[in-house]
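Here is a friendly first tour of a protein model. Take a look at it, then read on.

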Amino acid sequence: MRLRLPAASAAAMVLSATGAQAGVTELNAALDAMSYYNLIVKGDVTTTSEVEGRGFVGGALKGQATQFNMDNLSGTGLTMVGNVEGGKKNTWGDIQVGGNVDSGVEFQSAGAQVLSYGGTLSNTNVNFPDTAVHVAGLGATLAAERDAMFANLDELSLYLRDLAVTDTTTLDSSNLKFDAGAGSGIAVFDIADLEAELGGTSDLKFVFPTDYDMVVINVAGTNISLPGGFNFNGPSNLGTKVIWNFYEATTLDFGSKAWYGSVLATHAQATIGNFIEGSAVFAGLTANGEIHTPGFTNYDIPPPSTVVPEPATWAMMILGFGAIGSSIRRRRAVLAA
(Lines give C-alpha, C1' and ligand atoms only; values in the text may rest on other atoms or scores of the structure.)
Protein backbone atom coordinates (compact mmCIF):
# COMPACT_ATOMS: atom_id res chain seq x y z
CA MET A 1 0.00 0.00 0.00
CA ARG A 2 1.30 3.45 -0.89
CA LEU A 3 1.20 6.28 1.59
CA ARG A 4 -1.05 9.25 0.85
CA LEU A 5 0.65 12.43 1.96
CA PRO A 6 -0.40 16.07 2.16
CA ALA A 7 1.10 18.15 -0.63
CA ALA A 8 3.56 19.95 1.65
CA SER A 9 4.78 16.65 3.13
CA ALA A 10 5.20 15.11 -0.31
CA ALA A 11 7.22 18.10 -1.49
CA ALA A 12 9.43 17.92 1.59
CA MET A 13 10.00 14.22 0.98
CA VAL A 14 11.09 14.80 -2.60
CA LEU A 15 13.55 17.49 -1.50
CA SER A 16 14.86 15.27 1.31
CA ALA A 17 15.40 12.35 -1.06
CA THR A 18 17.24 14.62 -3.49
CA GLY A 19 19.58 15.81 -0.73
CA ALA A 20 20.18 12.27 0.51
CA GLN A 21 21.02 11.12 -3.01
CA ALA A 22 23.56 13.93 -3.32
CA GLY A 23 25.17 12.72 -0.08
CA VAL A 24 25.35 9.15 -1.36
CA THR A 25 27.01 10.40 -4.54
CA GLU A 26 29.76 12.06 -2.48
CA LEU A 27 30.25 8.97 -0.29
CA ASN A 28 30.63 6.76 -3.34
CA ALA A 29 33.06 9.24 -4.90
CA ALA A 30 35.21 8.81 -1.77
CA LEU A 31 35.06 5.02 -2.07
CA ASP A 32 35.94 5.33 -5.76
CA ALA A 33 39.04 7.33 -4.80
CA MET A 34 40.10 4.64 -2.32
CA SER A 35 39.63 2.05 -5.05
CA TYR A 36 41.65 3.99 -7.62
CA TYR A 37 44.56 5.10 -5.43
CA ASN A 38 46.68 2.88 -3.22
CA LEU A 39 47.82 5.94 -1.21
CA ILE A 40 46.07 9.29 -0.73
CA VAL A 41 47.66 11.99 1.44
CA LYS A 42 46.35 15.51 1.92
CA GLY A 43 49.69 17.08 2.83
CA ASP A 44 53.37 16.17 2.58
CA VAL A 45 54.82 12.68 2.23
CA THR A 46 58.35 11.81 3.34
CA THR A 47 59.24 8.29 2.28
CA THR A 48 62.15 6.03 1.45
CA SER A 49 59.99 3.13 0.36
CA GLU A 50 57.45 2.05 -2.25
CA VAL A 51 53.77 2.25 -3.12
CA GLU A 52 52.65 -0.68 -5.23
CA GLY A 53 49.62 1.12 -6.68
CA ARG A 54 48.82 4.69 -7.73
CA GLY A 55 49.62 7.55 -5.37
CA PHE A 56 48.09 10.99 -4.76
CA VAL A 57 50.14 13.43 -2.68
CA GLY A 58 48.39 16.68 -1.79
CA GLY A 59 51.58 18.45 -0.70
CA ALA A 60 55.26 17.86 -1.42
CA LEU A 61 56.93 14.49 -1.98
CA LYS A 62 60.19 14.23 -0.06
CA GLY A 63 62.74 11.55 0.68
CA GLN A 64 65.31 9.47 -1.11
CA ALA A 65 64.77 6.86 -3.82
CA THR A 66 61.11 5.83 -3.86
CA GLN A 67 58.87 3.84 -6.19
CA PHE A 68 55.24 4.36 -7.17
CA ASN A 69 52.74 2.26 -9.12
CA MET A 70 54.98 -0.79 -9.22
CA ASP A 71 51.97 -2.82 -10.38
CA ASN A 72 52.06 -0.71 -13.58
CA LEU A 73 48.37 0.16 -13.40
CA SER A 74 46.93 2.22 -16.24
CA GLY A 75 46.75 6.01 -16.18
CA THR A 76 48.73 8.38 -13.98
CA GLY A 77 50.93 6.50 -11.54
CA LEU A 78 51.83 9.46 -9.33
CA THR A 79 50.05 12.77 -8.76
CA MET A 80 51.54 15.55 -6.60
CA VAL A 81 50.04 18.94 -5.86
CA GLY A 82 53.29 20.36 -4.47
CA ASN A 83 56.98 19.95 -5.27
CA VAL A 84 59.18 16.92 -5.83
CA GLU A 85 62.14 17.10 -3.45
CA GLY A 86 64.95 14.79 -2.39
CA GLY A 87 66.12 11.70 -4.23
CA LYS A 88 64.97 9.95 -7.37
CA LYS A 89 61.29 9.00 -7.74
CA ASN A 90 60.84 5.86 -9.85
CA THR A 91 57.35 5.63 -11.32
CA TRP A 92 55.41 3.34 -13.60
CA GLY A 93 52.85 5.37 -15.58
CA ASP A 94 52.50 9.11 -16.14
CA ILE A 95 53.41 11.71 -13.50
CA GLN A 96 51.62 14.96 -12.63
CA VAL A 97 53.37 17.59 -10.50
CA GLY A 98 51.56 20.81 -9.66
CA GLY A 99 54.71 22.50 -8.36
CA ASN A 100 58.42 22.24 -9.11
CA VAL A 101 60.40 19.14 -9.98
CA ASP A 102 63.63 19.78 -8.06
CA SER A 103 64.97 16.22 -8.04
CA GLY A 104 65.09 13.40 -10.51
CA VAL A 105 62.07 11.41 -11.58
CA GLU A 106 62.54 8.30 -13.64
CA PHE A 107 60.01 6.41 -15.73
CA GLN A 108 60.01 2.64 -15.52
CA SER A 109 57.32 1.50 -17.97
CA ALA A 110 58.30 0.29 -21.42
CA GLY A 111 55.94 2.62 -23.31
CA ALA A 112 56.04 6.39 -23.70
CA GLN A 113 55.17 8.27 -20.51
CA VAL A 114 54.44 11.92 -19.79
CA LEU A 115 55.68 14.16 -16.98
CA SER A 116 53.30 17.12 -16.61
CA TYR A 117 54.46 19.90 -14.29
CA GLY A 118 53.12 23.30 -13.30
CA GLY A 119 56.28 24.94 -11.92
CA THR A 120 59.91 24.52 -12.92
CA LEU A 121 61.91 21.48 -14.00
CA SER A 122 65.50 20.85 -12.88
CA ASN A 123 67.87 17.96 -12.14
CA THR A 124 65.69 15.70 -14.27
CA ASN A 125 66.38 14.07 -17.61
CA VAL A 126 63.38 12.92 -19.62
CA ASN A 127 64.51 10.80 -22.56
CA PHE A 128 62.65 9.79 -25.72
CA PRO A 129 60.03 8.36 -26.04
CA ASP A 130 59.06 9.94 -22.70
CA THR A 131 58.15 13.64 -22.67
CA ALA A 132 57.95 16.52 -20.19
CA VAL A 133 55.19 19.10 -20.65
CA HIS A 134 54.68 22.35 -18.76
CA VAL A 135 50.98 22.91 -17.95
CA ALA A 136 50.06 26.41 -16.77
CA GLY A 137 47.73 26.36 -13.77
CA LEU A 138 48.24 22.65 -13.09
CA GLY A 139 48.95 23.29 -9.41
CA ALA A 140 45.62 25.06 -8.89
CA THR A 141 43.76 22.34 -10.79
CA LEU A 142 45.29 19.56 -8.69
CA ALA A 143 44.72 21.52 -5.46
CA ALA A 144 41.02 21.81 -6.29
CA GLU A 145 40.92 18.07 -7.00
CA ARG A 146 42.58 17.37 -3.63
CA ASP A 147 40.17 19.60 -1.71
CA ALA A 148 37.10 18.05 -3.33
CA MET A 149 38.40 14.53 -2.75
CA PHE A 150 39.13 15.14 0.94
CA ALA A 151 35.76 16.79 1.48
CA ASN A 152 34.23 13.52 0.27
CA LEU A 153 36.65 11.38 2.30
CA ASP A 154 35.89 13.37 5.46
CA GLU A 155 32.18 12.85 4.87
CA LEU A 156 32.74 9.13 4.32
CA SER A 157 34.63 8.83 7.61
CA LEU A 158 31.79 10.49 9.53
CA TYR A 159 29.18 8.37 7.75
CA LEU A 160 31.02 5.16 8.66
CA ARG A 161 31.50 6.37 12.24
CA ASP A 162 27.75 6.74 12.69
CA LEU A 163 26.79 3.29 11.40
CA ALA A 164 25.17 1.02 13.97
CA VAL A 165 27.49 -1.59 15.48
CA THR A 166 26.68 -5.11 14.28
CA ASP A 167 29.55 -7.20 15.65
CA THR A 168 32.02 -7.37 18.53
CA THR A 169 35.50 -8.79 18.88
CA THR A 170 36.19 -11.93 20.86
CA LEU A 171 39.20 -12.71 23.04
CA ASP A 172 40.33 -16.31 22.81
CA SER A 173 43.16 -16.81 25.28
CA SER A 174 45.41 -13.92 24.21
CA ASN A 175 44.11 -13.76 20.63
CA LEU A 176 41.90 -10.82 19.63
CA LYS A 177 39.60 -12.06 16.89
CA PHE A 178 37.47 -10.20 14.34
CA ASP A 179 34.86 -12.45 12.76
CA ALA A 180 31.71 -10.94 11.26
CA GLY A 181 30.32 -14.40 10.53
CA ALA A 182 27.59 -14.89 7.94
CA GLY A 183 25.63 -11.92 6.65
CA SER A 184 25.42 -9.33 3.91
CA GLY A 185 25.82 -5.60 3.37
CA ILE A 186 28.09 -3.79 5.84
CA ALA A 187 29.38 -5.26 9.10
CA VAL A 188 30.50 -2.76 11.75
CA PHE A 189 32.86 -3.13 14.72
CA ASP A 190 33.60 -0.40 17.25
CA ILE A 191 36.90 -0.05 19.14
CA ALA A 192 36.93 2.52 21.95
CA ASP A 193 40.62 2.06 22.84
CA LEU A 194 42.72 0.18 20.29
CA GLU A 195 45.94 0.44 22.28
CA ALA A 196 44.28 -1.13 25.33
CA GLU A 197 42.67 -3.86 23.21
CA LEU A 198 46.03 -4.79 21.70
CA GLY A 199 48.08 -4.28 24.86
CA GLY A 200 47.33 -7.72 26.28
CA THR A 201 47.09 -9.48 22.93
CA SER A 202 49.65 -11.77 21.36
CA ASP A 203 47.81 -12.17 18.03
CA LEU A 204 45.25 -10.10 16.14
CA LYS A 205 43.27 -12.41 13.88
CA PHE A 206 40.81 -11.39 11.20
CA VAL A 207 38.54 -13.85 9.42
CA PHE A 208 38.06 -12.74 5.82
CA PRO A 209 34.45 -11.45 5.50
CA THR A 210 33.43 -13.49 2.45
CA ASP A 211 29.69 -12.79 2.69
CA TYR A 212 29.88 -9.04 3.33
CA ASP A 213 30.31 -6.19 0.87
CA MET A 214 32.34 -4.19 3.39
CA VAL A 215 33.51 -4.40 7.00
CA VAL A 216 34.12 -1.21 8.97
CA ILE A 217 36.14 -0.99 12.18
CA ASN A 218 35.53 2.40 13.78
CA VAL A 219 38.45 3.30 16.04
CA ALA A 220 38.17 6.13 18.58
CA GLY A 221 41.10 8.15 19.91
CA THR A 222 43.09 11.19 18.82
CA ASN A 223 46.68 10.06 19.47
CA ILE A 224 47.17 6.40 18.66
CA SER A 225 50.44 4.47 18.89
CA LEU A 226 50.28 0.73 18.34
CA PRO A 227 51.97 -1.40 21.00
CA GLY A 228 54.77 -3.70 19.91
CA GLY A 229 53.83 -6.99 21.54
CA PHE A 230 51.32 -8.46 19.08
CA ASN A 231 51.30 -10.09 15.66
CA PHE A 232 48.64 -9.33 13.05
CA ASN A 233 47.69 -12.51 11.21
CA GLY A 234 45.47 -11.05 8.51
CA PRO A 235 44.64 -12.39 5.05
CA SER A 236 46.63 -10.53 2.39
CA ASN A 237 43.44 -9.44 0.59
CA LEU A 238 41.78 -8.00 3.70
CA GLY A 239 42.13 -4.45 2.37
CA THR A 240 39.73 -5.18 -0.48
CA LYS A 241 36.77 -5.22 1.94
CA VAL A 242 37.90 -3.93 5.33
CA ILE A 243 38.26 -0.25 6.28
CA TRP A 244 39.84 0.77 9.59
CA ASN A 245 38.21 4.15 10.19
CA PHE A 246 40.34 6.26 12.54
CA TYR A 247 37.73 9.00 12.46
CA GLU A 248 39.22 11.35 15.07
CA ALA A 249 42.93 10.47 15.04
CA THR A 250 45.38 13.34 14.62
CA THR A 251 48.51 11.21 15.10
CA LEU A 252 48.73 7.56 14.13
CA ASP A 253 51.92 5.56 14.65
CA PHE A 254 51.97 1.99 13.35
CA GLY A 255 55.49 1.47 14.67
CA SER A 256 57.16 -1.60 13.22
CA LYS A 257 53.90 -3.53 12.79
CA ALA A 258 52.56 -4.87 9.51
CA TRP A 259 48.90 -3.87 9.09
CA TYR A 260 46.18 -5.54 7.05
CA GLY A 261 43.10 -3.74 5.78
CA SER A 262 42.54 -0.33 4.22
CA VAL A 263 43.06 2.67 6.49
CA LEU A 264 40.94 5.85 6.51
CA ALA A 265 42.47 8.55 8.74
CA THR A 266 41.84 11.88 7.04
CA HIS A 267 43.10 14.04 9.94
CA ALA A 268 46.09 11.95 11.05
CA GLN A 269 49.79 12.55 10.64
CA ALA A 270 50.82 8.92 10.20
CA THR A 271 54.08 7.04 10.65
CA ILE A 272 54.67 3.53 9.34
CA GLY A 273 57.73 1.34 9.78
CA ASN A 274 56.53 -1.84 8.08
CA PHE A 275 53.77 -2.23 5.49
CA ILE A 276 50.06 -1.57 5.11
CA GLU A 277 48.22 -4.10 2.97
CA GLY A 278 45.37 -2.09 1.44
CA SER A 279 44.47 1.48 0.51
CA ALA A 280 45.65 4.20 2.90
CA VAL A 281 44.36 7.76 3.46
CA PHE A 282 46.18 10.21 5.74
CA ALA A 283 46.60 13.94 6.35
CA GLY A 284 50.38 13.52 6.24
CA LEU A 285 52.79 10.58 6.11
CA THR A 286 56.31 9.63 7.13
CA ALA A 287 57.00 6.17 5.75
CA ASN A 288 59.88 3.80 6.21
CA GLY A 289 57.54 1.03 5.14
CA GLU A 290 55.52 0.11 2.09
CA ILE A 291 51.92 0.51 0.92
CA HIS A 292 50.77 -2.71 -0.75
CA THR A 293 48.02 -3.73 -3.13
CA PRO A 294 45.39 -5.05 -3.36
CA GLY A 295 43.59 -1.93 -2.21
CA PHE A 296 39.94 -1.39 -1.44
CA THR A 297 37.61 -2.90 -4.03
CA ASN A 298 34.92 -0.47 -5.07
CA TYR A 299 31.59 -0.79 -3.28
CA ASP A 300 28.65 1.52 -3.92
CA ILE A 301 26.54 2.63 -0.98
CA PRO A 302 22.95 2.20 -2.19
CA PRO A 303 20.66 5.22 -2.45
CA PRO A 304 18.09 5.67 0.32
CA SER A 305 14.68 4.15 -0.24
CA THR A 306 11.99 6.75 -0.86
CA VAL A 307 8.21 6.85 -0.86
CA VAL A 308 6.90 7.70 -4.33
CA PRO A 309 3.80 9.94 -4.21
CA GLU A 310 0.73 8.75 -6.10
CA PRO A 311 -0.60 10.79 -9.04
CA ALA A 312 -3.35 12.19 -6.81
CA THR A 313 -0.69 13.46 -4.40
CA TRP A 314 1.17 15.16 -7.24
CA ALA A 315 -2.13 16.81 -8.20
CA MET A 316 -2.55 18.03 -4.62
CA MET A 317 0.96 19.47 -4.70
CA ILE A 318 0.27 21.33 -7.94
CA LEU A 319 -3.03 22.68 -6.59
CA GLY A 320 -1.26 23.69 -3.38
CA PHE A 321 1.45 25.58 -5.25
CA GLY A 322 -1.27 27.22 -7.36
CA ALA A 323 -3.17 28.28 -4.25
CA ILE A 324 -0.01 29.79 -2.79
CA GLY A 325 0.54 31.73 -6.01
CA SER A 326 -3.06 33.02 -5.99
CA SER A 327 -2.72 34.10 -2.37
CA ILE A 328 0.45 36.05 -3.15
CA ARG A 329 -1.25 37.78 -6.09
CA ARG A 330 -4.28 38.75 -3.93
CA ARG A 331 -2.01 40.20 -1.25
CA ARG A 332 -0.16 42.24 -3.85
CA ALA A 333 -3.49 43.54 -5.22
CA VAL A 334 -4.64 44.58 -1.72
CA LEU A 335 -1.36 46.34 -1.01
CA ALA A 336 -1.52 48.13 -4.36
CA ALA A 337 -5.05 49.36 -3.59
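## What you are looking at

This is a predicted model, where local features need pLDDT of at least 70 and side-chain atom pairs count only at pLDDT 80 or more, while totals for chains, interfaces and linings use all residues. Residues are numbered from 1 along each chain as its sequence is written, and side-chain values use heavy atoms, with hydrogens and water left out.

The predictor's confidence in each residue is called pLDDT and runs from 0 to 100. Its mean for the protein chain is 84, with 82% of the residues at 70 or more. Residues 1-20 stay under 50.

## The chain as a whole

The protein chain has 4 helices and 26 strands. Both are DSSP runs numbered from the N terminus: helices are H or I with at least four residues, strands are E with at least two.

Let's zoom in on an open sheet of 4 strands, in the order 13-14-16-19, with mixed pairing. Its edges are strand 13 (170-172) and strand 19, each pairing on one side only. Strands count as paired if DSSP finds at least two bridges between them.

Strand 14 (residues 175-178) runs parallel to strand 16 (residues 203-206) over 4 bridges, and Leu176 sits opposite Leu204 there. On to strand 19 (residues 231-233): strand 16 pairs with this one in the parallel sense too, over 3 bridges. Here Leu204 has Phe232 as its bridge partner, and Lys205 stands opposite Asn233.

## Rings that meet

Rings of Phe, Tyr and Trp (its six-membered ring) pair if their centres lie within 6.5 Å; planes under 30 degrees apart are stacked, over 60 edge-to-face, and the rest tilted. That rule gives 15 aromatic pairs. Phe232 and Trp259 have ring centres 5.0 Å apart and planes at 75°, so they are edge-to-face. This pair links distant parts of the chain, 27 residues apart: Phe232 is in strand 19 and Trp259 in strand 22 (residues 259-260). Both are buried.

Phe246 and Phe254 are edge-to-face as well, at 6.4 Å centre to centre and 80° between the planes. One aromatic cluster includes Phe232, Trp259, Phe246 and Phe254.

How values were computed:
Contact means heavy atoms within 4.5 Å. Buried means under 20% relative accessible area, exposed over 50%, partly exposed in between (1.4 Å probe, protein chains only).
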